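Subject: Structure handover

Hello,

Here is the structure I promised to pass on. Please open it alongside this note.

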There are 2 protein chains.
Amino acid sequence: MAATLKDVAELAGVSIKTVSNVVNGYEFVRAETRERVQVAIATTGYRPNLGARNLRKGRTGFIALAVPELDNPYFAELASLVITAADRHDWTVLIEQTHGIRDRELAVVTSARSQRIDAAILSPLAVGPDDLRRAARDTPLVLLGERPAAGRAGRPAIDHVAVDNVAAARTAVEHLISLGRRRIAAIGDQPGQDAGTASLRMTGYREAMRKASLPVDPALVVQAADYSRAEGAAAMNQLLNLHEPPDAVFCFNDLLAMGALRTAGVRGLEVPRELAVIGFDDIREGAYGVPALTTIAPDKKAIADTAVDLAFGAQARAGKPMAQDITAPFELRVRETA
Amino acid sequence: MAATLKDVAELAGVSIKTVSNVVNGYEFVRAETRERVQVAIATTGYRPNLGARNLRKGRTGFIALAVPELDNPYFAELASLVITAADRHDWTVLIEQTHGIRDRELAVVTSARSQRIDAAILSPLAVGPDDLRRAARDTPLVLLGERPAAGRAGRPAIDHVAVDNVAAARTAVEHLISLGRRRIAAIGDQPGQDAGTASLRMTGYREAMRKASLPVDPALVVQAADYSRAEGAAAMNQLLNLHEPPDAVFCFNDLLAMGALRTAGVRGLEVPRELAVIGFDDIREGAYGVPALTTIAPDKKAIADTAVDLAFGAQARAGKPMAQDITAPFELRVRETA
DNA sequence: GTGTCTTTGTACATCGTTGGAAACAACGTT
DNA sequence: AACGTTGTTTCCAACGATGTACAAAGACAC
């Protein structure tokens, strides 16, 4: 059995509270007593019961990080960074996979589990801002990526961190245009949603095309059910079967791009000469493709740090509505595919 | 503030215990009372405080999963599967990243955090079986991958799940040999360790070579500081600079293989005609390389399920020494690189 | 009407911890 | 000798939940 304060107290011949005082670094403990207690702690191997402590103090020491899937490298890298950032606040990270299912996203802030966390960081796909605001009444919440909570009068109702998706997408497409490409395809549209990542990146794509006076050929815009390599490969196949195939593709994330690259390779296209490819996310495997993937690189460390700091602030001022909307930096990382 | 049993009890006009009885489905509650309580629960939005419940019941509802790094896709996929398996036992998974650092691996079962978990699943790199056995006195522990706890008289002292690394490595190399390759290199040796994954895979490599009466050229065995794409790329470069370069490479994991593939591509080698490549792990990105990576596929789902079940068993019989050593299946997945 | 049994509800102690306040020395002041 | 001070330790209640013991109320046999 694990030793408790009581065991230590008995061994040291003092009261439970004195041991507690020693453990918590209370000032007024006689040096001799302190030493005796410390010896007792060492011999019993006492470690505080965090559950009990948190019950007493009302802080749990956990935050939840909810992402669609962990085996998407983008989210794995992000999770890794969030864990590191959370460590600084003595927080342990609980990772939840939502699979983009609305109920699972809501459950993060409503289920029984949710009341064992001090705050939650959620990367939502399906759930809208209104639902969340209602649900997240008592759990401080930070949103990642799109679907900002469009609070009244432009003031956000929920903390939010994301890159400027429109600008980032525009940057990607402008890069392709600057390379002399004219028939530029887009992979990853998801017409169902209107506030989501997909629609923002579509907007950026359209803006860049319009600014260069290039027409947007509807045949060159391919949807993706999810942002996986498989969907990217399928979409690329569809594009290459076109009567007039594209000379460049903007993929809405790197996984789609890896799939597209695979299809291009299989069908014997030379990248980037015949087909330029640009992605979004800057996952590590992209840099090791042949050729290495050119991509938009969101500052993941900034995103993770900011999200954790916001969460920390939010739980500190518990409830008071002062949500922030923070835009994280990104950069164009030119490698070999465009 | 979150509602407690007390709030519900006051609203329903019954005692706290009665509410607790309703919540836990105790049989002898009058239908009328039960209903009144349920209404009160609904209007207050009561959800049980799991921390308090666990304090009372002595079970925390958490297990730890400690892996070297989450942004290694193999571990990300594994984590994803463990989370799913743990759900079945109502367990929430705490993911820790050890970065292969000995102290962090030990901390999983010794730090203050460790006493908030019912069990731990650890994928050790640095720490040895003896340290662990001593450290894990009160936390049930399951080891993943190598470094089995070589208990007295061959009986394992700590639960352990892994594929037969020697057999798997041998299978990989035998496949290369069956393809007619003769100068077969190995990337990923780590001479420092003796019970680790690296040495077992080296053994398998040597066995296969010996069985085919092929000499092992020391120049063809390249070490890797860690199992990353970067190390794989560097090692491949080294091999290709050899006076007599290899006609095949066995990489000790897929990440190394992806790096090797990248180098081969950059240097214009045609894979697999001029150089066959085989990996280990079967991470998803391998299937989307150009060409797609041939690899050894450990049954990750079996590993995750078994590990969680062992952990469940271990915490149920808390302390009693009846550790098991389970070998998970693997298969050769032939794709395009070998 | 008494005694026994079953159903339904309540009191109380408890899990391991911490905050607040009281108790207790030891000391110097007046 | 009585009185604060100052430092040090202890006692008690509480965090939110559950298990044990028991009490009240009704049902039933006799």
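Below is what I found, part by part.

First, a caution: this is a predicted model.

DNA strand C
There are 24 residues around DNA strand C. Those that come nearest are A:L5, A:N49, A:A52, B:S15 and B:T33. Both chains take part through helices: α2 (16-23) and α4 (50-57) of chain A, and α2 (16-23) and α4 (50-57) of chain B, each supply at least two residues of this surface. The most comes from α4(A), which gives five residues. By class, the surface near DNA strand C has 10 nonpolar, seven polar and seven charged residues.

Contact between the chains
Chain A puts 39 residues into the contact, and chain B puts in 40. On the side of chain B that touches chain A, at least two residues each come from α4, α5 (73-87), β2 (92-97), α10 (229-240), α11 (254-266) and α12 (284-287) of chain B. That side holds 19 nonpolar, 10 polar and 11 charged residues.

Helix α11 of chain A
This helix covers residues 254-266, 13 residues in all. At 1.5 Å a residue, it should span 18 Å. Its end C-alpha atoms are 18 Å apart, so the two values agree. The helix is mostly covered, with 12 of its 13 residues buried. Among them are A:D254, A:L255, A:M258 and A:R262. Just after α11(A), A:G268 has a positive phi of about 75°.

B:L78
B:L78 sits in helix α5 of chain B. Is B:L78 buried or exposed? It counts as buried, because it has 27 C-beta neighbours inside 10 Å, and the cut-off for buried is 20 or more. Leaving out residues up to four places away in sequence, B:L78 touches B:K300, B:I303 and B:A304. B:V67 is 11 residues from B:L78 in sequence, and their C-alpha atoms are 9.5 Å apart.

The sheet in chain B
Six strands make an open sheet with mixed pairing, in the order β7-β6-β8-β9-β10-β12. From one strand to the next, the twist averages 15°. Strand β6 (residues 184-189) pairs with β7(B) in the parallel sense, over three bridges. In β7(B), B:V221 is the bridge partner of B:A186.

Two helices pack on the sheet. Helix α8 (residues 165-178) of chain B touches β6, β8, β9, β10 and β12. Its direction makes about 165° with that of β9(B). Helix α9 (residues 197-211) of chain B touches β6 and β8. The direction of α9 makes about 165° with that of β6(B).

Best wishes

How values were computed: Residues are numbered from 1 along each chain as its sequence is written. Chains are lettered from A and ligands numbered from 1 in the order in which they are written. This is a predicted model: local features need pLDDT of at least 70, side-chain atom pairs count only at pLDDT 80 or more; totals for chains, interfaces and linings use all residues. A residue is near a molecule or strand if its C-beta atom, placed from the backbone, lies within 6 Å of it. Helices (H or I, at least four residues) and strands (E, at least two) are DSSP runs, numbered from the N terminus. Ala, Val, Leu, Ile, Met, Phe, Trp, Tyr, Cys and Pro count as nonpolar, Asp, Glu, Lys and Arg as charged, and the others, Gly among them, as polar. Two residues are in contact if their C-beta atoms, placed from the backbone, lie within 7 Å. The expected span of a helix is 1.5 Å times one less than its number of residues. Two strands pair if DSSP finds at least two bridges between them. Axes are lines fitted to C-alpha atoms, for helices over the stretch in contact, and angles run from 0 to 180 degrees between N-to-C directions.
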